[in-house]
Amino acid sequence: DQAWFQDPALGRVFALLNADGGEGRVVGGAVRNSLMGLAVADIDIATTLLPEAVLERAAAAGIKAVPTGIDHGTVTLVIDGRPFEVTTLRTDVETDGRRAKVAFSADWQSDAERRDLTINALYANAAGEVIDLVGGLDDIEKRNIRFIGNAATRIAEDYLRILRFFRFFAWYGSGRPDAEGLRASSAARSKLKTLSAERVWSELRKLLSAEDPGRALLWMRQVAVLSEILPETEKWGIDAIPALVSTEKALGWARDPLLRLASIIPPDPARLEELAARLKFSNAEAAYFRAWAKAAPVNDEISAAAFEKLLYGNGVDGIIVRLKLALGVARGKAENGSFDEMSRSARLSKLLDHARIWKKPQFPLNGADVMAMGIQAGPKVGEILSTLENQWVEENFVSDRAALLARLSEIAG
Ligand code: ATP
Ligand code: MG
């Protein structure tokens with residue numbers, strides 16, 4: 001689908017950049033996805049103009065321009081509410097392996113050559129012509145994920161490219177990953193630990209968000225890259241991924257990179273804390289894994305009453321993760337012809353449906369009720385409350401406020 005290219009807003013970007021000896025071209029993901037027949041998300045533009053010139057031209061044309069990354073030469077133009085990242089052509093000057101250092105240039109060839117993969121270095125000009133300076137079109141056709149130039153050299157400029165190689169293979173590759181890229185990734189794998197956690201986790205999360213990250217993970221394990229960034233997978237293995245991915249598809253679950261990660265690491269609270277710190281998880285991500293590790297494994301033959309108690313005591317979020325993972329495993333075995341696992345999946349499915357609509361029952365008493373019975377503020381109040389709450393849970397949440405107040409007055413009186 002090439003409708004994005006007819007967008008009048010993009011036309012205005014071209015008009016702005018292509019006057020007076022300047023030039024702009026769409027580059028990277030938009031060109032790649034468009035050629036592959038996939039949806040185009042954000043549109044990145046490369047230009048021969050310096051960032052200051054882009055800002056000046058935008059101001060003169062009354063176009064909103066935000067200097068979002070002026071050091072890297074990036075100005076974001078906002079037209080009809082849509083952002084276009086416009087970046088000045090760059091060329092590599094030096095590198096420390098953690099991020100390439102670049103200088104502005106006006107040379108398309110060197111801008112293409114400093115990019116990572118051939119499929120990511122294609123340009124489209126205002127006339128809609130694709131310009132291929134590194135052999136990317138052929139690789140798009142073959143879905144071949146390949147570094148521009150010598151793989152080992154390109155990786156040594158920025159070791160994150162190892163993970164980008166596997167990320168783009170997961171999303172767009174077919175067959176086997178390029179052999180030279182695999183070899184160079186494996187040889188440089190020990191350098192992954194020199195990268196910032198944010199960059200590593202951001203790439204890994206994108207890899208885990210691919211429609212099927214399973215093949216890429218297998219190759220990463222094969223060449224010993226996986227254990228460099230996720231030693232947690234060493235004992236556990238990555239075999240759970242295919243059944244989980246097929247379960248997601250069959251049951252219409254959104255692709256969840258955290259669930260996929262959970263399926264290949266052990267639910268060990270201490271190791272999960274270590275993982276969260278190492279990859280600098282967000283608070284929400286750390287909470288996801290903490291809830292999972294805290295939740296008890298769910299027996300699929302649990303009674304309805306016991307399940308209510310489990311949800312109340314363990315927290316629903318972690319139990320949902322447990323159930324989804326168990327369901328993935330059970331469905332995988334069921335596909336291999338196990339009747340037991342078929343009925344286990346059916347039971348897990350029901351539990352999951354229930355957990356997803358479950359609302360935590362609210363215990364109807366509070367500290368004020370206890371003190372109203374003449375108990376002084378202090379630890380005794382909490383003790384009485386938790387005794388009554390435990391009874392209430394044991395009796396399956398049936399007692400209402402009136403009944404509990406009556407019981408409270410017995411205890412307090
Ligand atoms: P998507 O945004 O769909 O994930 P993308 O191709 O736009 O894919 P980005 O990570 O947004 O990927 O990077 C934009 C472009 O910048 C890439 O297409 C690539 O040409 C270049 N690029 C990004 N990161 C690197 C890197 N570490 N080394 C070399 N080139 C890079
Ligand atoms: Mg992008």
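**A guided reading of the model**

Helix α21 (residues 379-394) has 16 residues and extends 23 Å from its first C-alpha to its last, close to the 22 Å expected at 1.5 Å a residue. The expected span is 1.5 Å times one less than the number of residues in the helix. Helices (H or I, at least four residues) and strands (E, at least two) are DSSP runs, numbered from the N terminus. After α21 comes N396, whose phi is positive, near 60°.

The model is predicted: local features need pLDDT of at least 70, side-chain atom pairs count only at pLDDT 80 or more, and totals for chains, interfaces and linings use all residues. Residues are numbered from 1 along each chain as its sequence is written, while chains are lettered from A and ligands numbered from 1 in the order in which they are written.

In total, the chain holds 22 helices and nine strands. Its radius of gyration is 28 Å, well over the 22 Å that the globule rule gives for 413 residues, so the chain is more spread out than a compact globule. That radius is taken over C-alpha atoms, and the rule is 2.2 Å times the number of residues to the power 0.38. The C-alpha trace spans about 90 × 55 × 40 Å along its principal axes.

The chain is divided into domain 1 (1-142) and domain 2 (367-412), with bounds from an automatic or database domain assignment. Their centres, taken over C-alpha atoms, are 66 Å apart. An unreviewed UniProt entry annotates residues 269-406 as "domain: CCA-adding enzyme C-terminal"; such annotations use the numbering given here, have shortened feature names, and may be inferred rather than shown by experiment. Over residues 269-406 the chain is 72% helix and 0% strand.

Two further residues other than glycine have positive phi. D80, in the loop between β4 (74-79) and β5 (82-88), has phi near 50°. R143, in the loop between α5 (136-142) and α6 (151-157), has phi near 55°. With C-beta atoms placed from the backbone, a residue is buried if 20 or more others lie within 10 Å of its own, exposed if 12 or fewer, and partly exposed in between. D80 has 9 such neighbours and therefore counts as exposed, whereas R143 has 13 and counts as partly exposed.

Ligand 1 is surrounded by residues including G28, D44, R115, D116 and R164. A residue belongs here if its C-beta atom, placed from the backbone, lies within 6 Å of the molecule. Helix α7 (residues 160-172) gives the largest share of this shell, three residues.
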